[in-house]
Amino acid sequence: MSHDKQRSTDAGASSGQPADADAEFDSLLPGLRRRDFVKAGAAVGGLGGLAGCTSLLSDEDVEGTASASEVDSSVPPGEHDEYYAFLSGGQSGDVRVYGLPSMRELARIPVFQPDAGRGYGHDDESRQMLEEAGGYTWGDTHHPRISQTDGDYDGRFAYVNDKANGRMARIDLTYFETDAIVDIPNQQGTHGACAQLPDTDLIFGVGEFRTPIPNDGSGDLEDPEEYGSVLAAINPESMNVEWEVLVDGNMDNGDGSKEGQYFFTTGYNSEGGVTEEEMTRSARDNVKAFDIPRIEAAVEAGDYETINEVPVVDGRQDSPLNQGDEPIVHYIPTPKSPHGISVTPDNQYAIASGKLDPTASVIDIAAIDEVDDPADAIVGQPQLGLGPLHTAYDGRGHAYTTLFIDSQVVKWDIEEAVEAEAGSESPVIEKIDVHYNPGHLIAAESYTENPAGDWLISLNKLSKDRFLPVGPQHPENDQLIYIGDDEAGMQLVKDSPAHAEPHDASICHKSKIDPAKTYDPEDLDLEYTDQGEETMERVDDDRVEIEMYSTRNHYGFQEMTVREGDTVEMQVTNIETTSDMLHSVAIPDHDIHMRVAPQETRKATFTADEPGVYWIYCAHFCSALHLEMRSRLIVQPEE
Ligand code: CUK
Ligand code: CUA
């Protein structure tokens, strides 16, 4: 692979970007070099203080700098996209599915929040799942990751974290629906989420917030010295937490090495502080490299304490398990508060982005166990720009890193970063402006051993002036960038407004996912009720069980009569075999919208507590007689 550094200027100019970003920066802050600004900014509170960098320009002054790209990203009506992109929904608690490159939103999969559009949280099964997972009405999804086999996507499951309530969920990619949620003991703020590769043997939840462990009020709540955070290893089939490792400091993001040995996390607040000032006092933090086989050996040997029924292994720096030359957790010192971490497709390096430092740290994975001083495992530290957050790969030896403060994506050469002096800008190939302040970025199949190398999405936190104004809450802006042509450089292709608030994504080729067109009744626990098999039975003084079917354009019963105060268990099978022929059971004044897709059976239990007549109807527009698809629920008053 070769590149021409001169091109960085050319490519920048052709996309309308200032050729010399330094000069632009200097003109904004006369007399202050951008590097000095980093130091000054970090000293006064870091990212928070710097986040307004683009705000130095008023909204009116911010102009779209990239001209329309020549790259064809059109997907004609009726044709399919090449890729599925799974984006987290942040505080909306869902996972969105985009088609790429069209950026059309194909689905929203509710995960941690009820969603009437899919009847999620409206039938007994999903309601019970949400209830058992804590009963919260929202979650904060950040990192959706697709299961892999042999280092490639297998299209079976996606996993996603809930930062708000310390949970991990699994999405079944046959049906594109959430099928399991685990409430992780001893962990608050489950942030990073990733699998043990290459075969998804474990799912890791990275605990961000430090709390007393157990956090049940039994210890000293005031003393931060008593707080800790844990890495949780979850069985991907049972979704049980198998073990946890207690560490020093907060953890942030995570990624697994490609051959199963290590799991990496970034961290901040190695100081153990509780205020912003205390958390950013030290100039150094660390990346933790968890040695999974050694941790499992410690669990096997009984070297743990059981807390809330989970074996917790002590991985703090002063733990006996970390003395000697076979530590279970390597603490690799980096500049303060590294944020994103991702392993290169060839498994050579783990790259941690600096956040409060303008560099990324390139960790040589093979060296981790060889070096005496963990710091020596860092073999490259290219200077990338302001606020580097996350890094993705094209499989051609390039890394792409978001620069939150500079509002740019920087493309750089990994091997050149290893060869160059620490702090050198020479590995930088080019930068492209994004709009504005990007968090994650993700390249197609970047988390696998073979990235596709064509498309990249920059998940920008601010959209400012890019769209028609819709009030004070602006949409986020997911920008599509073409990275398939190293000669032409990165090309901005389109803007795509997004509901709050995607953080990370996984992009998978369509050939690797095989969604079902209808349900297989064998996959469901509830029994299928065919036409002619419908039953309505009073099983108790105050309990009625109904099993019926639905089809165009009626339900198994035209009317159902119960008594005030009855508990009604209503089970419905959609007996349609035609794909896309959905029905639903909407019950006015009972807060129920039960969706039934073709060959699906669902059940909802409710109390008929108000006498009267309720028109049950189908809310999915199914045919010309859709409005006539109704049934009377008659609730007779108590005598
Ligand atoms: S995090 Cu949000 S931009 Cu949760 Cu991976 Cu970095
Ligand atoms: Cu069935 Cu509308």
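## Ground rules

Because the model is predicted, local features need pLDDT of at least 70 and side-chain atom pairs count only at pLDDT 80 or more, while totals for chains, interfaces and linings use all residues. Residues are numbered from 1 along each chain as its sequence is written, chains are lettered from A and ligands numbered from 1 in the order in which they are written, and side-chain values use heavy atoms, with hydrogens and water left out.

## Nonpolar cores

A nonpolar core here is a set of buried Ala, Val, Leu, Ile, Met, Phe, Trp, Tyr and Cys residues joined through side-chain atoms within 4.5 Å. Buried means under 20% relative accessible area, exposed over 50%, and partly exposed in between (1.4 Å probe, protein chains only). The largest core has 41 residues, and F86, L100, L173, F176, I181, I457 and I507 touch the most other members. Strand β1 (residues 83-88) gives the most to this core, with five residues; strands are DSSP runs of E, at least two residues, numbered from the N terminus.

A second, separate core holds 26 residues, including V562, V596, C622 and M629.

## A four-stranded sheet

Strands β23, β24, β25 and β26 form an open antiparallel sheet in that order, where pairing requires that DSSP finds at least two bridges between two strands. The edge strands, β23 (388-393) and β26 (428-433), each pair on one side only. Between β24 (residues 398-403) and β25 (residues 408-413) there are six bridges, and Y400 stands opposite K411 in β25.

## Salt bridges

The whole structure has 31 salt bridges, each a side-chain nitrogen of Lys or Arg within 4 Å of a carboxyl oxygen of Asp or Glu. One of them joins D504 and R145 (3.6 Å, N to O). D504 lies in the loop between β30 (491-498) and β31 (505-509) and R145 in strand β4 (residues 145-149), so the pair ties together parts that are 359 residues apart in sequence. D504 is buried at 0% relative accessible area, and R145 is buried at 8%.

D162 and R167 also meet in a salt bridge (2.8 Å, N to O); D162 is buried at 0% relative accessibility, and R167 is buried at 0%. R632 pairs with E559 (2.6 Å, N to O), linking strand β41 (residues 630-636) to strand β35 (residues 559-563), 73 residues apart. Here R632 is partly exposed at 29%, and E559 is partly exposed at 37%.
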